[in-house]
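Dear colleague,

Please find the structure below, handed over for your use. My notes on what was found in it follow.

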Amino acid sequence: MRARFSGFVLASLALVSSALVAADRPPQDLHQAGDHWTAWDPPTPPEGAQVQVIQPGDTLWDLAATLYKDPYLWPQLWENNRYILDAHWIYPGDPLVIGPAVAPVDQMAGETGPGSADQEPGSSEEAPAEAPIEGVQTSAEAAGSPIPLGYESDIYCSGYIDDLEKQFPYRIIGSEFESLGPNLDRSTSDVLIQGRYGRVNTARYNLTVGDIIYLNGGRESGLSAGQLYTVVSPRQKVVHPKTGEVFGRYYHYTGRVRVLSVQEETAIAEIVQACDPVIVGAALQPFEPEPVPLGRPAAMRPINYPTPAENLQDAPVILFTEDELVSLFQDHVAFIDRGADADVTPGDVFTVYRLNRPGLPPMPIGEVAVLSVRQKSSAVRIIQAKTAIFLGDPIELK
């Protein structure tokens, strides 16, 4: 009956010391609301609102893709339905307000469906059955508007981890500057010219925005004017910090180019974005837009209620950083060793743990938000850090 959604976690209302609910575990207090079972208290939708009833298999991600034509707008759907206290779990039969006619939050929070088990603080005169744990943010406190979990540069100027020998469709084979310098070959001139023999690039070696380049593909290979390509630079091998085995290779984004015109076997393009110097010989892959995921801020898991140590035995870990940094802090971009093959989704938030000495529980030390997902790894941004985060630190979905 439940549909799991990987997104930014909203801490639930009354967390008691014996049952701290994690986002990857379903709520336990199901109750019947009309003709279906749910963990939430769906209010009566406002008059005139566009409403969709959740069906088996639905997720907020898929519904946003269908309704708003962009799955990254799932926080907007969640924002319209704040009775859902944890976006990882939605229930067939619950209504979703999807249209512009949305009742004020206070009004929606004040209406309760049949069999209500939990109510937001302040939504009625009744006090919660049990007080929240000290230091844990309640749903009302965490129900702020969604905010970006990073910046475009975190996505478009970082990179990804893939197979060691990845093949690319095109490469940069030349630039406008290569033939602008003098020819210093003595055999072609009666005047002695001092300098290295051969043609030299006196103008520019490191290319940047606005420079013209030439590509090794044209009309015959399917290139056409207006197409965008990401410039990729294969970098170092990535060794897993726990197993010591080669995990793959890091491929760094250095910029973006737009095809201006095509010939039969070559094309002329312009550099339209440069994160780092673009050089002749760099690889190209089709540009794929990746919006920055959104999420609602929420308090970190309290240190006095950590996950059991056994949950972290085979947990994903902080895998790699581009500059091979030793200590990571808030706003650093890193990579984890899980991706689409493990159902990781942009917008997921993971708690970072530091393993303690034997017999003592792990310590939650930070949080990372997933920005971009590949098949077996994901780019993440550190959004909270109580102390330095290291490669190999285990993480758990919040």
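Through how many residues does a hairpin join β12 to β13? The hairpin between β12 and β13 runs through four residues. The model is a predicted one, in which local features need pLDDT of at least 70 and side-chain atom pairs count only at pLDDT 80 or more, while totals for chains, interfaces and linings use all residues. Residues are numbered from 1 along each chain as its sequence is written, and side-chain values use heavy atoms, with hydrogens and water left out.

Strands and helices are DSSP runs numbered from the N terminus (strands: E, at least two residues; helices: H or I, at least four). Two strands count as paired if DSSP finds at least two bridges between them.

With β12 (residues 246-262), the antiparallel pairing extends over seven bridges, and Val259 stands opposite Ala269 in β13.

The structure holds one disulfide (a pair of cysteine sulfur atoms within 2.5 Å). This disulfide joins Cys157 to Cys275, with an S to S distance of 1.9 Å. The torsion about the S-S bond is about -70°, so the disulfide is left-handed. Cys157 lies in the loop between α5 (152-156) and β8, and Cys275 in the loop between β13 and β14 (283-286), so the pair ties together parts 118 residues apart in sequence. Cys157 is partly exposed at 23% relative accessible area, and Cys275 is likewise partly exposed at 23%. Here, buried means under 20% relative accessible area, exposed over 50%, and partly exposed in between (1.4 Å probe, protein chains only).

A further set of strands forms an open sheet of six, in the order β16-β17-β20-β19-β18-β21, with antiparallel pairing. Strands β16 (318-320) and β21 (395-397) stand at the edges with a single partner strand each, so one side of each is left without a neighbour in the sheet. Between β16 and β17 (residues 333-336) there are two bridges in the antiparallel sense, and Ile318 has Ile336 of β17 as its bridge partner.

Finally, Leu164 is partly exposed, at 31% relative accessibility. Leu164 is found in the loop between β8 (159-162) and β9 (170-175).

Yours sincerely
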